[in-house]
Structures are given as structure tokens and as C-alpha cells.
Amino acid sequence: MTARIQIERHDTDILILGSGGAGLFAALHAQQSAPAGTKITLAVKGLIGKCGCTRMVQGGYNVALGPGDSVERHFMDTIEGGKWLPNQDMAWRLCEQAVVRVRELENEIGCFFDREANGALHHKAFAGQTADRTVHKGDLTGIEIINRLMEQVLSRPIERLQEHRAIGLIPTRDGAALSGVLFIDMRRGVFRFVRAKTVMMGTGGGPTMYKYHTPSGDKTMDGLAMALRLGLPLRDMEMVQFHPTGLLAGDHTRMTGTVLEEGLRGAGGHLLNAAGDRFMFDYDGRGERATRDVVSRGIYAEMRKNNNPDQVGMFISMKHLGPETVRQKFKGMVKRCADSGFDLAAGLVEVVPTAHYFMGGVVVDPDTRTAIEGLYVAGEDAGGAHGSNRLGGNGVANSTVYGGVAGDTMGQDIARMGSLRDPDETVLDAEIARACTPLSRKAGHVQTLRHKLQEAMWEDVGVMRTATGMQRGLNRIADIRAELMDTGVDGSTLAFNLTWHDWLNMASLTDISEVITKAGLARENSRGAHYREDYPDAGDLAASYFTVAQAAGDAVQVARENVAFTIVKPGETILPEGEPDTLVANA
Amino acid sequence: MDVAIWKGDGAGGQYEHFAVPAEDNQTILDVVSWVQQNADPTLSYRFACRVGMCGSCAMMVNGTPRWTCRTHVKKVLKDGQLKVAPLNNLPVVKDLVVDMDPFFDKWIKAGGLHAPSKTRDDDIAAIAPDTDGRQNANAGIECINCSVCYAACDTVRSNPDYLGPAALQRAWTIVNDEKHAARGAVLDLVAQSDGCFNCHSMGSCTAHCPNDLDPMQAIARLKRAAIKHQLAGGGRDA
């Protein structure tokens with residue numbers, strides 16, 4: 001088998017993984033800040049501008065540009081929303097630089113965000129925020145941002161490695177720095193090792209190990225799995241954000257799990273149980289308009305009560321608002337539901353909580369540097385900015401702000417770096433052997449294992465967790481991993497062999513599922529997205545800790561570290577005295 | 001149902017038949033995925049977002065270019081049969097995967113990128129949303145660059161150099177964008193031999209756009225603007 005494996009070698013100066021908001025901004029900023037003649041390469045698992053999740057952003061972009069709003073207020077909302085777990089310096093940088101980045105998007109990149117009648121930017125309200133702060137382009141904000149960024153990148157002398165899947169971060173022999181990244185050129189099915197002086201990883205988290213999930217199909221936690229194998233510390237790994245209303249259309253369709261937008265509940269949509277009754281007021285005084293985590297738990301609790309096997313989820317109902325009004329106001333959503341056979345405007349659409357965003361990630365500093373020389377991480381792969389919960393509208397802000405920061409930082413750092421570093425050939429060989437594992441085994445059914453993992457994570461490490469459940473989850477994950485290692489793939493051709501990539505996807509997802517579960521066991525309280533039925537209280541805010549997971553040999557160890565309140569302490573605020581608690585009318 | 005799927009590469013290929021179980025809520029992408037996951041593990045196709053936002057998964061379905069993630073089987077099934085092939089007018093990589101680079105190269109060639117008139121240090125321009133220019137620009141802004149119009153276009157088929165509907169629609173958006181600093185240059189670009197004057201207004205682009213955009217009308221207006229610009233001397237920025 002190994003005789004057939006070809007390895008190509010390639011060099012660049014700045015290598016960027018990913019083509020969402022982080023990757024594209026990193027490429028543009030690296031080009032602006034690096035010395036002339038620096039070679040920049042953008043490598044993506046799919047096509048530039050198409051794969052990744054920034055493109056899928058519906059809601060919008062949080063930025064303190066609205067009347068009366070301030071960076072301080074955006075920062076306080078981010079800290080409160082993250083239940084005091086965010087790295088405060090990162091959260092501050094996020095809110096402060098979002099202002100610059102939105103101006104850059106409008107003025108230099110060419111995005112056009114929706115306007116008020118007088119021509120000023122329109123800021124819409126989003127749950128959990130004390131100001132109308134979210135700029136947007138209808139409910140297709142991500143398409144506008146990524147299309148415009150993509151044009152800028154495609155028109156510049158930036159080398160493109162499309163459909164190149166990263167499978168290993170390869171260090172130098174002494175382990176002190178990164179040498180480069182090992183890829184599979186998916187179209188040809190060959191391995192390619194690319195050395196670079198600096199590498200930015202922006203592959204996007206994406207918790208697709210859950211039965212119901214929203215992210216793009218290419219996202220399978222490859223970045224975090226690579227960082228784990230390299231021995232980097234990962235923080236907040238228990239924090240998986242569920243969106244309350246994912247479409248439920250059956251196991252056989254890729255539509256299942258995709259988001260029905262937040263605005264449906266905001267506009268007055270009802271959630272109904274099997275008997276046709278509203279239930280959210282049993283859980284929260286705000287009813288359907290409660291925050292994502294609360295509504296997700298309400299739906300989940302109601303699902304557990306239901307004994308009718310024909311009905312898995314709950315229903316969203318909009319028809320009391322007038323079907324015509326719904327068709328006008330939510331044109332895109334109504335059309336999308338209709339395409340998969342549901343009538344959102346006048347009928348009932350079955351919904352379930354769906355894994356949406358991953359707050360956890362690699363430990364980085366506010367300049368995106370990691371514990372290893374030469375590696376930078378931005379976007380959903382980086383942990384810290386959101387703590388235990390991400391506010392709607394802070395995701396695209398995070399990826400674009402920190403992608404740009406990474407590009408600037410790499411452009412500066414590369415000036416003081418010498419020549420390219422040689423890889424540890426032993427690690428390189430081991431990564432290739434790992435990827436080839438299924439090619440020498442009898443072909444099995446990878447999709448069955450994916451379903452098993454998704455069931456295990458949904459049932460035992462999902463919306464509501466207990467120690468017993470998570471221990472059971474760990475056992476299930478270990479069994480699934482053992483089965484995966486025994487499951488082969490038809491390798492008669494390696495060119496665009498999606499089943500081989502499904503296997504590799506499963507390997508990444510299995511590794512990170514274990515980390516999520518162990519971090520979940522380590523957090524013995526309930527904060528934000530992480531809810532422990534056996535520890536329902538938030539715990540002492542002043543003694544807040546975050547989890548840090550790291551590989552130690554074959555095992556994963558999880559430690560706790562205290563949150564450093566570098567800017568504000570629980571119970572305090574940095575808003576000037578006399579500022580109102582909220583600027584939102586009728587909040 | 002009987003599903004015929006084209007398998008091959010740039011050198012050629014043939015249809016292979018698969019019996020795929022029918023389901024209630026089933027898209028063409030689901031059918032293709034079922035075949036790869038259960039019947040032919042080496043079948044290649046491309047998708048990403050699953051919800052009609054990324055424009056990665058377009059294919060020929062019973063002879064028509066479509067976004068497969070949002071095309072319900074019931075809508076296109078003919079006598080219990082489906083025929084799925086790689087998108088027309090683009091080079092095949094393998095099976096149902098095409099190389100989209102020529103499409104994007106033309107997007108850039110038609111001037112499809114912003115030329116800044118301000119910087120990140122400046123305030124955001126106040127722009128009234130209801131002016132004619134802004135309405136024109138908005139009309140094409142939701143393009144997901146899926147290449148369905150490009151695959152449907154007879155002119156692209158007969159003249160591979162033609163920039164095609166999506167790229168020209170983007171150019172029309174730019175010509176109407178008051179923030180763009182070099183709109184005249186874009187009008188010069190689209191007036192060249194591979195540009196908007198190749199369009200015969202057959203309308204396949206508009207008929208097939210999954211987002212109900214109207215590239216044909218955008219190109220017709222672009223032609224008028226380009227002529228006006230040439231008569232005024234061309235070259236200068238509008």
C-alpha cells in the first residue's frame with residue numbers, strides 16, 4: 001500500500017488554512033503587512049469562498065456603531081453573555097476592532113450593509129444585547145461578506161490550494177516551532193507537504209459530531225484534532241452552542257439540522273408540543289423569545305416528556321401572524337422550507353435543537369499567537385473570545401477581526417524569521433500512516449459509525465448533561481474509535497475519494513468528541529451552553545475557571561485555570577456612571 | 001427509483017445505474033449522497049452548506065442545471081427516473097465534480113471586485129436605500145455564484161471565451177455602486193470582444209437562476225450603459 005503513496009513537497013512563506021472570514025481576511029492583511037516578495041498561500045478543504053460557515057451567516061455582524069452604543073457596552077454584553085468566562089483581553093479586542101473591520105468591509109472590500117431611510121447603517125436587535133447593534137444584509141449577510149472578500153483574494157497574487165485537506169501540523173525535530181502542514185490534494189489523492197514560516201489555522205470548529213447540526217458539511221473539527229495531536233492546549237472545549245430551531249426532516253436528508261432563523265421566534269413565532277400546546281412559558285417568562293440556550297433546553301426537556309415515537313421534535317408555528325405576512329417577511333426561509341416539502345407560512349414545521357457553534361478552541365493570545373512558534377489560530381478554531389456562550393452576531397465579528405489580526409501579526413513576525421524550518425520526518429511519516437489506516441483494511445460502512453457517534457453525543461453529551469451520561473458517552477466514543485480503526489475504505493482510486501475523507505472526518509470528530517466529553521466532566525457547574533443536571537448552578541462567579549485540555553501521550557488531560565478578570569470583575573461594569581442598563585426599547 | 005449517474009473524468013465517462021430508495025423529504029444531493037455512502041464509495045461530488053447559500057453543488061439533473069441541495073426529487077423525477085451529470089460548460093475533475101476556476105477567472109476579468117473610494121479610517125458613507133442606482137445594485141447582490149446560469153448559457157457553450165451571465169451581472173451591480181472608484185473602467189472591460197455584446201438575450205440564465213435573479217436584464221442594461229459610456233468617450237470613470 002505504502003508504495004502507491006506519493007508525497008509532494010512545496011514551499012511558501014505564509015500559509016493560511018481556511019476560506020471563511022478568518023482565512024480570507026488573513027490573506028488580505030498578510031499581503032498588506034508582509035515585506036514585498038513574501039509568498040502567500042491559501043489552502044482550503046473545499047473551494048475558496050464556498051466552504052466554511054461565514055458564508056452561512058444569516059443574522060449579521062455586531063459592531064458598536066449605532067446611536068448611543070459604545071465598545072464598552074458591546075464588551076460588557078459579550079462578557080455577561082459568556083457568563084464571565086471569556087478571555088477579557090480577547091473580548092475587548094474583538095469589540096474594539098469590529099468597528100474598524102466593518103468600516104473596512106464597507107469602504108475597502110465593497111460590502112453593502114442594509115441602510116435606514118436616511119442612509120445610515122441599519123442596526124437590528126439581537127437577543128442578549130443591550131443595544132441594537134447588528135449590521136446585516138437582509139438575512140444573507142454571510143454571502144455578501146464572503147463574496148466580496150473572495151473577489152479581493154482571487155484578484156491578488158495569492159497562491160490557491162483548493163480542495164487541499166490539512167491532515168497534520170508538522171513540527172520541527174526539536175518541537176520548538178512549526179515546520180509546515182501536511183495535506184491531501186483531494187482532487188488527485190496525493191499527499192503534499194507544504195513548509196511555511198508562518199501558518200494560520202482558520203478551519204472553523206463546527207460541532208458536526210451531533211445528530212443535529214448546522215455547520216457546512218465540510219466542517220469536521222480537523223483543525224482542533226490536528227492541534228490536539230500537536231500537543232497544544234485547548235480551552236472551553238465543553239462549550240457547544242445549540243441553536244433551538246433546527247429543521248427536522250429525517251435521517252436520510254442533509255437538510256436535517258439546518259437552521260430556521262432566530263428571527264422567527266423574535267417575530268412572535270410559537271413553539272408547540274405534540275398536543276399543539278405552547279410550552280416555553282413553563283420554562284422561562286420570556287417564552288419563545290428567551291435566549292438560545294434556554295429555548296434549546298426547553299425544547300429538549302419537552303422532547304424527553306413526549307412518548308409518541310412518530311414525533312421526535314417540537315413544532316414551530318407562524319400562521320397566527322398571517323401566512324401572507326410570513327411569506328413576505330421571511331421569504332428565504334419560507335422558500336427553503338418549501339423546497340424540502342414544508343409549509344412554514346401556514347403549516348407546522350418540526351424542529352429540534354441543533355449543534356451550531358463551538359466556543360472552545362486553541363489557546364491563543366490577543367495577537368492570535370499560540371504556544372508554538374510559527375502557528376497562529378483565528379476564528380472558530382481559537383478559544384477565549386466568547387467564553388461559555390457566543391452572542392448572535394459575534395461569530396462573524398470574531399472570524400473577520402481575528403483573521404485580520406493574524407494576517408497583520410504574521411506579516412510583522414515573518415520579517416524577523418530566518419529560513420524555512422525542516423520537519424520532523426518521523427511525525428510526517430506517522431501522519432501519513434494514520435491517514436492511510438483505512439486503506440489497508442477491509443472496506444466497511446463509515447456512515448454507520450458517523451450515525452453512532454452522532455447519537456452518542458446527542459444523547460450523552462448534548463443539551464443537558466450528567467456525570468453518568470458523559471461517562472457512558474466516553475465508553476461509547478472509545479468503542480466507536482476502536483470500530484473506526486478496524487473499518488476500511490475502498491481505495492481503488494484515491495482521487496476525490498469522499499469515503500476516504502468521510503473516514504478522516506470521523507477520526508477528527510471522534511478525537512474531539514472525547515475532549516468535549518472530558519471537559520464537560522471537568523466543569524462541575526452550569527454556565528452558558530454547558531448545562532449539568534447534576535450541577536445546575538452557575539457557581540461562584542468570582543471564582544470562575546475555564547477548562548484546558550491537552551494530549552498527554554494517548555490520553556487527554558483536562559485542567560482548570562482561573563479566569564483573569566483583567567478588565568472587569570463580576571458585579572462591576574465599565575460603563576460610565578449613569579449609563580442606562582439597556583438602550584433597547586421594551587427590553 | 002432508477003438513478004443514472006455520470007462517472008468519469010476529463011477524458012470521458014459513462015452513466016451507471018443505481019436503485020435508490022425513495023424518501024419523503026429527499027433532495028438530489030441526498031440521492032447522490034446515498035449512492036456514495038451505500039452503493040459506490042468512490043463516487044465524487046461536491047457540496048458544502050446544504051441550504052442553498054454556498055453554490056457548490058450544482059449539477060445537471062435530467063438535463064437541466066440545478067442546485068442539488070435545494071432540488072426536491074419530486075420536482076424533477078421523470079417516470080421514476082433521474083439522470084445526474086456534471087455541470088455543463090466547465091471542465092470535469094471527476095464524476096460530478098467540475099473545475100469552477102474558469103467561472104471565477106471570468107468573474108474577476110469582468111472587473112468583478114470593489115475598487116475602494118474610502119479606507120477603513122473613514123466613516124461609512126450614508127447611502128439612501130431607495131435610489132435607482134442602489135435598487136439596481138441590490139437586484140443582483142444575492143448571487144451565490146453557483147454557475148447554474150453559466151451552465152445554462154448557450155452563448156458560453158458556443159463561445160468559451162464569453163464572460164457569461166454571472167460575471168456580467170456582477171459588473172452591472174458594480175456599475176451601479178456609487179462607492180466604487182472605477183466604474184468607467186468596468187464599462188470598458190465588459191465592452192470588449194468577450195463581453196456583454198455577445199449576449200443574444202436567450203434568457204436561459206434568468207430561467208434557471210435558483211435565486212430568481214435576472215442576469216439577462218442586468219446584461220441588457222449593461223449593454224446600454226456601455227454604449228452610452230463609449231459614445232461619451234469611454235475610459236474615464238463614470
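Keep in mind that the model is predicted.

I'll start with the interface. On the chain A side, 74 residues are in contact with 69 residues of chain B. The two chains bury about 5900 Å² between them, and carbon and sulfur atoms give 52% of that area. Within chain A, the residues that lose the most area to chain B are A:K50, A:N107 and A:R254, which together make up 14% of what that side buries.

A:E151 forms a salt bridge with B:R170, with the closest N and O atoms 2.5 Å apart. As for where the chain A side comes from, α1, α3, α4, α9 and α14 each supply at least two of its residues. By class, that side has 23 nonpolar, 28 polar and 23 charged residues.

On to the rings. Over all chains, the count is 13 aromatic pairs. In one of them, the ring centres of A:Y210 and A:F242 are 5.2 Å apart and the planes stand at 80°, so this pair is edge-to-face. A:Y210 sits in the loop between β10 and α5, while A:F242 is in strand β12, 32 residues apart. Both A:Y210 and A:F242 are buried. Ring pairs also link these two with A:Y212, A:Y300 and A:W458 into a cluster.

In chain B, B:Y45 and B:F47 form a stacked pair, at 6.1 Å centre to centre with 15° between the planes. Both B:Y45 and B:F47 are buried.

Methods
Residues are numbered from 1 along each chain as its sequence is written. Chains are lettered from A and ligands numbered from 1 in the order in which they are written. This is a predicted model: local features need pLDDT of at least 70, side-chain atom pairs count only at pLDDT 80 or more; totals for chains, interfaces and linings use all residues. Side-chain values use heavy atoms; hydrogens and water are left out. Contact means heavy atoms within 4.5 Å. Buried area is the accessible area (1.4 Å probe) that two parts lose on being put together, summed over both. A salt bridge is a side-chain nitrogen of Lys or Arg within 4 Å of a carboxyl oxygen of Asp or Glu. Helices (H or I, at least four residues) and strands (E, at least two) are DSSP runs, numbered from the N terminus. Ala, Val, Leu, Ile, Met, Phe, Trp, Tyr, Cys and Pro count as nonpolar, Asp, Glu, Lys and Arg as charged, and the others, Gly among them, as polar. Rings of Phe, Tyr and Trp (its six-membered ring) pair if their centres lie within 6.5 Å; planes under 30 degrees apart count as stacked, over 60 as edge-to-face and the rest as tilted. Buried means under 20% relative accessible area, exposed over 50%, partly exposed in between (1.4 Å probe, protein chains only).
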